[in-house]
Amino acid sequence: MKKGFVFDLDGVIADTAKFHYLAWKELASSIDITLDEVFNEELKGISRMDSLEKILAFGGKDKEYSITEKECLATQKNERYVALLSNVTQQDVLPGVLSFLEQARQANIPCAIASASKNAPYILDKLRVDDYFVHIVNPDTLKKGKPDPEIFIKAAKAIQVLPCEAVGFEDAQAGVDGLKKAGFYTVGIVKNQPLVGADLLVRQLDEINFSKLIN
Ligand code: G6P
Ligand code: MG
(Lines give C-alpha, C1' and ligand atoms only; values in the text may rest on other atoms or scores of the structure.)
(Ligands and ions follow the chains in the order given, each with its own letter.)
Protein backbone atom coordinates (compact mmCIF):
# COMPACT_ATOMS: atom_id res chain seq x y z
CA MET A 1 0.00 0.00 0.00
CA LYS A 2 1.43 3.37 -1.02
CA LYS A 3 0.84 6.25 1.41
CA GLY A 4 2.64 9.27 -0.04
CA PHE A 5 3.66 10.86 -3.34
CA VAL A 6 6.82 12.86 -4.11
CA PHE A 7 6.96 14.85 -7.33
CA ASP A 8 9.71 16.53 -9.25
CA LEU A 9 8.46 19.84 -10.69
CA ASP A 10 10.09 20.76 -14.04
CA GLY A 11 8.91 18.29 -16.70
CA VAL A 12 6.56 16.47 -14.31
CA ILE A 13 4.04 19.04 -13.03
CA ALA A 14 4.61 21.57 -15.82
CA ASP A 15 6.61 21.81 -19.02
CA THR A 16 9.03 24.36 -17.56
CA ALA A 17 12.02 22.18 -18.56
CA LYS A 18 11.77 23.77 -22.03
CA PHE A 19 12.30 27.24 -20.49
CA HIS A 20 15.39 26.05 -18.56
CA TYR A 21 16.78 24.73 -21.86
CA LEU A 22 16.05 27.93 -23.75
CA ALA A 23 17.57 30.14 -21.04
CA TRP A 24 20.72 27.97 -20.80
CA LYS A 25 21.02 27.78 -24.60
CA GLU A 26 20.96 31.58 -24.87
CA LEU A 27 23.40 32.04 -22.00
CA ALA A 28 25.78 29.42 -23.44
CA SER A 29 25.57 30.95 -26.90
CA SER A 30 26.56 34.36 -25.44
CA ILE A 31 29.87 32.75 -24.37
CA ASP A 32 30.29 30.76 -27.63
CA ILE A 33 29.09 27.39 -26.38
CA THR A 34 26.46 25.55 -28.43
CA LEU A 35 24.07 23.35 -26.45
CA ASP A 36 21.95 20.58 -27.94
CA GLU A 37 19.01 18.55 -26.65
CA VAL A 38 21.10 15.43 -26.05
CA PHE A 39 23.49 17.30 -23.72
CA ASN A 40 20.52 19.10 -22.14
CA GLU A 41 19.30 15.77 -20.68
CA GLU A 42 22.35 15.87 -18.40
CA LEU A 43 21.21 19.21 -16.96
CA LYS A 44 17.78 17.98 -15.88
CA GLY A 45 17.43 17.73 -12.11
CA ILE A 46 20.82 19.39 -11.58
CA SER A 47 21.17 22.62 -9.55
CA ARG A 48 21.76 25.97 -11.25
CA MET A 49 25.47 26.24 -10.39
CA ASP A 50 26.18 22.58 -11.14
CA SER A 51 24.42 23.01 -14.51
CA LEU A 52 26.64 26.00 -15.30
CA GLU A 53 29.77 24.02 -14.36
CA LYS A 54 28.67 21.18 -16.68
CA ILE A 55 28.03 23.64 -19.53
CA LEU A 56 31.43 25.31 -19.11
CA ALA A 57 33.16 21.91 -19.03
CA PHE A 58 31.17 20.84 -22.12
CA GLY A 59 32.43 23.96 -23.94
CA GLY A 60 36.02 23.47 -22.66
CA LYS A 61 35.81 26.75 -20.74
CA ASP A 62 35.72 25.54 -17.13
CA LYS A 63 39.01 27.27 -16.24
CA GLU A 64 38.12 30.61 -17.87
CA TYR A 65 35.76 32.12 -15.28
CA SER A 66 36.19 33.21 -11.67
CA ILE A 67 33.59 32.29 -9.03
CA THR A 68 32.18 35.83 -9.18
CA GLU A 69 31.87 35.64 -12.98
CA LYS A 70 30.18 32.25 -12.71
CA GLU A 71 27.69 33.66 -10.21
CA CYS A 72 27.01 36.48 -12.63
CA LEU A 73 26.38 34.02 -15.50
CA ALA A 74 24.04 31.94 -13.31
CA THR A 75 22.12 35.09 -12.33
CA GLN A 76 21.78 36.09 -16.00
CA LYS A 77 20.38 32.65 -16.84
CA ASN A 78 17.92 32.83 -13.95
CA GLU A 79 16.71 36.30 -14.93
CA ARG A 80 15.99 35.05 -18.44
CA TYR A 81 14.30 31.91 -17.03
CA VAL A 82 12.08 33.94 -14.68
CA ALA A 83 11.16 36.26 -17.58
CA LEU A 84 10.13 33.19 -19.64
CA LEU A 85 7.95 32.07 -16.71
CA SER A 86 6.01 35.34 -16.60
CA ASN A 87 3.15 34.07 -18.79
CA VAL A 88 2.84 30.69 -17.07
CA THR A 89 -0.71 29.92 -15.88
CA GLN A 90 -2.68 26.83 -14.81
CA GLN A 91 -3.00 26.06 -18.55
CA ASP A 92 0.66 25.03 -18.43
CA VAL A 93 0.10 22.20 -15.96
CA LEU A 94 0.92 19.01 -17.88
CA PRO A 95 -1.99 16.82 -19.08
CA GLY A 96 -3.33 14.46 -16.42
CA VAL A 97 -1.60 16.17 -13.49
CA LEU A 98 -4.57 18.06 -12.02
CA SER A 99 -6.87 15.01 -12.05
CA PHE A 100 -4.08 12.88 -10.57
CA LEU A 101 -3.50 15.38 -7.73
CA GLU A 102 -7.27 15.51 -7.15
CA GLN A 103 -7.38 11.70 -6.84
CA ALA A 104 -4.51 11.86 -4.32
CA ARG A 105 -6.46 14.44 -2.32
CA GLN A 106 -9.62 12.29 -2.34
CA ALA A 107 -7.54 9.27 -1.20
CA ASN A 108 -5.87 11.34 1.59
CA ILE A 109 -2.42 10.71 0.14
CA PRO A 110 -0.02 13.56 1.05
CA CYS A 111 2.03 15.03 -1.80
CA ALA A 112 5.43 16.76 -1.61
CA ILE A 113 7.70 18.47 -4.13
CA ALA A 114 11.35 17.42 -4.44
CA SER A 115 12.86 19.79 -7.00
CA ALA A 116 16.34 21.29 -7.24
CA SER A 117 14.72 24.54 -8.37
CA LYS A 118 14.83 27.57 -6.11
CA ASN A 119 11.94 28.89 -8.23
CA ALA A 120 9.63 26.00 -7.24
CA PRO A 121 7.36 27.94 -4.78
CA TYR A 122 6.94 30.76 -7.34
CA ILE A 123 6.08 28.32 -10.17
CA LEU A 124 3.63 26.27 -8.06
CA ASP A 125 1.88 29.51 -7.11
CA LYS A 126 1.66 30.63 -10.76
CA LEU A 127 0.29 27.21 -11.75
CA ARG A 128 -2.31 27.47 -8.95
CA VAL A 129 -1.44 23.97 -7.68
CA ASP A 130 0.40 24.92 -4.48
CA ASP A 131 -2.57 23.84 -2.31
CA TYR A 132 -2.07 20.21 -3.36
CA PHE A 133 1.39 20.01 -1.77
CA VAL A 134 1.90 19.79 1.96
CA HIS A 135 5.67 20.22 1.67
CA ILE A 136 8.29 21.62 -0.74
CA VAL A 137 11.85 20.53 0.05
CA ASN A 138 14.05 23.63 0.20
CA PRO A 139 17.07 22.88 -2.06
CA ASP A 140 19.22 25.21 0.10
CA THR A 141 19.02 22.61 2.91
CA LEU A 142 20.63 19.83 0.84
CA LYS A 143 24.22 18.63 1.14
CA LYS A 144 24.07 16.87 -2.24
CA GLY A 145 21.83 17.23 -5.26
CA LYS A 146 20.23 14.50 -7.41
CA PRO A 147 21.20 11.71 -8.14
CA ASP A 148 21.91 11.63 -4.39
CA PRO A 149 18.77 10.32 -2.65
CA GLU A 150 18.85 13.03 0.08
CA ILE A 151 16.11 15.25 -1.40
CA PHE A 152 13.70 12.30 -1.72
CA ILE A 153 14.43 10.96 1.77
CA LYS A 154 13.76 14.48 3.16
CA ALA A 155 10.49 14.69 1.21
CA ALA A 156 9.30 11.30 2.52
CA LYS A 157 10.13 12.32 6.11
CA ALA A 158 8.24 15.58 5.69
CA ILE A 159 5.06 13.74 4.67
CA GLN A 160 5.70 11.09 7.33
CA VAL A 161 5.97 8.04 5.09
CA LEU A 162 8.77 5.53 4.58
CA PRO A 163 10.40 5.58 1.13
CA CYS A 164 9.11 2.01 0.56
CA GLU A 165 5.57 3.34 1.12
CA ALA A 166 6.05 6.21 -1.34
CA VAL A 167 5.81 6.75 -5.07
CA GLY A 168 8.16 9.22 -6.78
CA PHE A 169 7.59 10.90 -10.14
CA GLU A 170 10.55 12.06 -12.24
CA ASP A 171 11.46 13.02 -15.80
CA ALA A 172 15.25 13.19 -15.31
CA GLN A 173 17.71 10.29 -15.19
CA ALA A 174 19.38 11.87 -12.13
CA GLY A 175 15.96 11.93 -10.43
CA VAL A 176 15.09 8.33 -11.31
CA ASP A 177 18.49 7.22 -9.99
CA GLY A 178 17.98 9.17 -6.74
CA LEU A 179 14.47 7.77 -6.20
CA LYS A 180 15.65 4.20 -6.73
CA LYS A 181 18.57 4.71 -4.32
CA ALA A 182 16.14 6.11 -1.76
CA GLY A 183 13.92 3.01 -2.15
CA PHE A 184 10.84 4.58 -3.80
CA TYR A 185 8.53 2.99 -6.34
CA THR A 186 9.55 5.14 -9.30
CA VAL A 187 7.37 6.47 -12.10
CA GLY A 188 9.34 7.89 -15.02
CA ILE A 189 7.72 10.55 -17.22
CA VAL A 190 9.09 10.17 -20.73
CA LYS A 191 8.80 12.52 -23.66
CA ASN A 192 11.49 11.70 -26.19
CA GLN A 193 14.31 11.11 -23.74
CA PRO A 194 15.57 7.68 -22.63
CA LEU A 195 14.98 6.93 -18.93
CA VAL A 196 16.56 3.84 -17.38
CA GLY A 197 15.61 2.04 -14.18
CA ALA A 198 12.09 3.35 -13.44
CA ASP A 199 9.47 0.83 -12.24
CA LEU A 200 6.85 2.31 -14.56
CA LEU A 201 7.20 4.57 -17.60
CA VAL A 202 4.36 6.80 -18.78
CA ARG A 203 4.05 9.78 -21.09
CA GLN A 204 1.53 11.51 -18.86
CA LEU A 205 -0.06 10.88 -15.46
CA ASP A 206 -3.53 10.01 -16.79
CA GLU A 207 -2.05 6.79 -18.23
CA ILE A 208 -1.69 5.54 -14.65
CA ASN A 209 -4.31 3.29 -13.04
CA PHE A 210 -4.49 5.13 -9.69
CA SER A 211 -5.91 2.34 -7.53
CA LYS A 212 -3.47 -0.20 -9.00
CA LEU A 213 -0.58 2.18 -8.23
CA ILE A 214 -1.44 2.60 -4.55
CA ASN A 215 -2.58 -0.95 -3.75
C1 G6P B 1 15.41 21.51 -11.73
C2 G6P B 1 15.60 21.48 -13.23
C3 G6P B 1 17.01 21.90 -13.61
C4 G6P B 1 17.36 23.23 -12.95
C5 G6P B 1 17.24 23.10 -11.43
C6 G6P B 1 17.55 24.40 -10.70
O7 G6P B 1 16.05 20.42 -11.17
O8 G6P B 1 15.36 20.18 -13.74
O9 G6P B 1 17.07 22.02 -15.01
O10 G6P B 1 18.66 23.64 -13.28
O11 G6P B 1 15.90 22.71 -11.12
O12 G6P B 1 16.54 25.34 -11.00
P13 G6P B 1 16.60 26.88 -10.62
O14 G6P B 1 15.19 27.35 -10.95
O15 G6P B 1 16.90 26.97 -9.15
O16 G6P B 1 17.64 27.51 -11.45
MG1 MG C 1 12.45 17.42 -13.95
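Helices (H or I, at least four residues) and strands (E, at least two) are DSSP runs, numbered from the N terminus. Keep that in mind for every element named below.

This is a predicted model, in which local features need pLDDT of at least 70, side-chain atom pairs count only at pLDDT 80 or more, and totals for chains, interfaces and linings use all residues. Residues are numbered from 1 along each chain as its sequence is written, chains are lettered from A and ligands numbered from 1 in the order in which they are written, and side-chain values use heavy atoms, with hydrogens and water left out.

**Stop 1: two loops with a positive phi**

Select R128. Look for R128 in the loop between α6 and β3. Its phi is positive, about 60°, although R128 is not a glycine. R128 is exposed, with a relative accessible area of 55%. (Buried means under 20% relative accessible area, exposed over 50%, partly exposed in between, with a 1.4 Å probe and protein chains only.)

Now select D32. This residue sits in the loop between α1 and α2 (37-40). D32 also has a positive phi, about 65°, and is not a glycine. At 66% relative accessibility, D32 is exposed. Why point these out? Most residues other than glycine have a negative phi, and most peptide bonds are trans.

**Stop 2: a cis peptide bond**

Select K146 and P147. The peptide bond joining K146 and P147 is cis, with omega about 15°. P147 belongs to the loop between β3 (135-136) and α7.

**Stop 3: helix α7**

Select residues 150-158, which form helix α7. E150 and K154 form a salt bridge, their closest N and O atoms 3.8 Å apart. (A salt bridge is a side-chain nitrogen of Lys or Arg within 4 Å of a carboxyl oxygen of Asp or Glu.) The two residues are four apart in the helix, so about one helical turn separates E150 from K154. Next, select D8, K146 and E170: salt bridges that share partners join them into one network.

Stay on α7 and pick I153, which lies in this helix. I153 is partly exposed, with a relative accessible area of 34%. Draw a distance from I153 to E53. Their C-alpha atoms are separated by 26 Å, and the two residues are 100 apart along the chain.

**Stop 4**

How many salt bridges does the structure hold? There are 14. Select K191 and D15 for one of them. Their side chains meet at 3.3 Å, N to O. This pair links distant parts of the chain, 176 residues apart. K191 is in the loop between β5 (185-189) and β6 (200-202), and D15 is in the loop between β1 (4-7) and α1 (17-30). K191 is exposed, at 51% relative accessible area.

Then select D62 and K63. Their side chains also form a salt bridge, at 3.7 Å, N to O. D62 is partly exposed at 31%, whereas K63 is exposed at 77%.

**Stop 5: helix α6**

Select P121, found in helix α6 (residues 120-126). P121 is partly exposed, with a relative accessible area of 46%. P121 and W24 are 97 residues apart in sequence and 21 Å apart in space, C-alpha to C-alpha.

**Stop 6: ligand 1**

Finish at ligand 1. Which of the 14 residues around ligand 1 come nearest? They are I46, R48, S117, K118 and N119. (A residue is near a molecule or strand if one of its heavy atoms lies within 4 Å of it.)

- G45: a polar backbone atom is 2.9 Å from an oxygen atom of ligand 1.
- K118: a polar backbone atom is 2.7 Å from an oxygen atom of ligand 1.
- N119: a polar side-chain atom is 2.7 Å from an oxygen atom of ligand 1.

Taken alone, ligand 1 exposes 390 Å², and the protein buries 97% of that. (Accessible areas come from the Shrake-Rupley method with a 1.4 Å probe; for residues, only the protein chains shown count as cover.)

Now color the shell by element. Helices α3 (48-58) and α4 (67-84) each supply at least two of its residues. Then color by domain: domain 1 (4-14 + 89-214) and domain 2 (16-85) each give at least three residues to the shell. (Domain bounds come from an automatic or database domain assignment.)

Last, color by residue type. The shell around ligand 1 divides into four nonpolar, five polar and five charged residues. (Ala, Val, Leu, Ile, Met, Phe, Trp, Tyr, Cys and Pro count as nonpolar, Asp, Glu, Lys and Arg as charged, and the others, Gly among them, as polar.)

Definitions and conventions: Polar contact = N/O pair within 3.5 Å; in protein donor to acceptor, adjacent residues only side chain to side chain.
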